[in-house]
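My notes follow in the order of the look-ups.

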Amino acid sequence: MAKSSGNEQTNGAKSGDSFSRGGFILAAIGSAVGLGNMWKFPYITGIHGGAAFFLLFIVCLILVGLPVLLAELAIGRGGRGSVYSSLTKLSGSRWRGSLGFIAIAGSFFIMAYYAVVAGWTLHYAMLSFTGGLFHSGGYGDIFGNFVGSGMSVFWQFILMLISVSVLIKGVSGGIEKLNNYLIPSLVVLMLLLAAHALLHEGSGEGVAFFLEPDFGGLTAESVLVALGQAFFSMSLGMGIMMTYGAYVDKRQSLGTATIAVAGGNALYALLAGLIIFPTVFIYGIEPGEGPGLVFIALPAAFAAMPFGSLIGGLFFVVLAFAALTSAVSILEVSVSFVHDYFRIGRRTSAMLVGLLCFLVGLPFGLSLGGDAQGWLVPGGRTLFDWAEFICSNVLLPVSGLINVWFAGYVWKQAAKEAALSPVMTRIWLGMLRYVVPVLILIVLLYAIGIIRF
Ligand code: PHE
């Protein structure tokens with residue numbers, strides 16, 4: 001066991017570029033921890049009554065998140081290629097491989113709109129530190145004037161540029177390095193912010209809302225929202241974990257990695273709640289405020305607290321770091337596909353995909369406000385919302401179903417690749433075959449309006 005950790009380049013993906021053990025876990029956590037945890041999770045938890053919803057989210061992580069994550073990692077490591085080539089290789093069939101296009105398309109469009117919001121976090125971090133955010137009050141107006149503006153496009157471009165420059169450097173020199181710096185910094189900053197929020201007088205009410213369950217507040221819809229969130233927040237159905245799986249050493253335990261990633265993600269959501277809910281209650285904000293919670297309601301709270309521009313700035317830096325490590329992971333899905341399907345070098349693939357993704361994201365961002373908005377709202381929904389709706393509610397669950405079917409029924413070596421104990425293998429395959437598909441299907445049918453409660 002001369003080299004039990006560190007860089008194991010020899011067993012890597014085709015190109016020889018691969019993650020170290022710890023590097024892979026950090027990168028997968030970096031992908032999972034993103035705007036979903038900091039931006040979406042708090043407000044849906046607020047809407048669905050707090051603590052009981054958080055527990056439900058954890059149950060969904062265990063029931064659906066763990067088995068699907070392991071399935072995607074196993075497929076990736078077994079196939080050792082992009083989503084398309086791994087599925088093709090393992091099933092020996094191109095049409096089955098081409099089902100991977102759903103994940104590739106989904107990840108591409110998600111990145112296109114995710115880069116818009118991730119860009120906002122950079123802008124808000126900058127504005128907080130310079131104090132610019134806190135002079136003029138009217139946070140709804142500030143936000144309203146900013147979305148869809150040239151400034152928003154500028155930050156969207158910067159975010160894409162950073163992501164592309166990381167991907168150009170490859171897996172160990174780019175993705176792994178980025179996560180090695182950002183994830184530990186993220187943890188330290190989160191702990192500081194949580195301590196700051198919790199030590200504040202009156203934080204108890206927020207903590208109680210977040211951690212004392214009241215199951216009366218849960219509805220059937222809460223269950224589906226929790227399932228959807230567990231899926232999104234673990235970066236499933238997007239091809240990410242398959243793509244990352246291809247760069248994992250053969251000797252690394254995927255079971256342990258799966259638990260580490262789910263645990264890291266859940267802990268992070270917990271910390272995010274412990275920062276956001278006390279702040280929300282102390283400053284009299286409605287916890288179920290909706291998507292504006294982070295960009296409109298919280299700045300008002302930061303403005304009112306001592307050292308608010310520092311705290312607010314750090315908060316948005318945390319958000320930006322979390323978003324960046326996710327953005328890189330999702331862009332890599334398309335980059336690795338273009339790289340191995342068209343046999344184009346990594347640098348060119350990353351630049352092409354990044355540019356295209358930026359251009360596709362333009363109308364999404366512009367549909368949210370500003371001058372061009374008028375013609376970007378077909379069917380009463382902004383293009384941004386359309387993209388989000390179709391990706392999260394249709395493409396992700398469909399691609400999740402495909403992966404589960406693939407690992408559960410098509411690819412006979414899945415259990416061998418996952419290398420769990422015999423009992424765990426049986427539980428895992430049982431979940432993949434009989435439980436998870438039903439749950440995902442219900443979420444899908446509910447999301448597109450076929451079933452109602
Ligand atoms: N888990 C990520 C999040 O919470 C999901 C995601 C990954 C979204 C990558 C976009 C890009 O933000």
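I began with Gly36, where a polar backbone atom is 3.0 Å from an oxygen atom of the ligand. I count a polar contact as a pair of N or O atoms within 3.5 Å. The model is a predicted one, in which local features need pLDDT of at least 70, side-chain atom pairs count only at pLDDT 80 or more, and totals for chains, interfaces and linings use all residues. Residues are numbered from 1 along each chain as its sequence is written, and side-chain values use heavy atoms, with hydrogens and water left out.

Next I looked up Tyr114, which has a polar side-chain atom 2.7 Å from an oxygen atom of the ligand. At Ser233, a backbone N or O atom is 2.9 Å from a nitrogen atom of the ligand.

I then checked cover: the ligand on its own has 320 Å² of accessible area (Shrake-Rupley method, 1.4 Å probe), and the protein covers 100% of that area.

Last, I noted confidence: the chain averages a pLDDT (the predictor's confidence in each residue, from 0 to 100) of 91, and 96% of the residues score at least 70. Over residues 1–14 the pLDDT is below 50.

Methods. Contact = heavy atoms within 4.5 Å. Polar contact = N/O pair within 3.5 Å; in protein donor to acceptor, adjacent residues only side chain to side chain.
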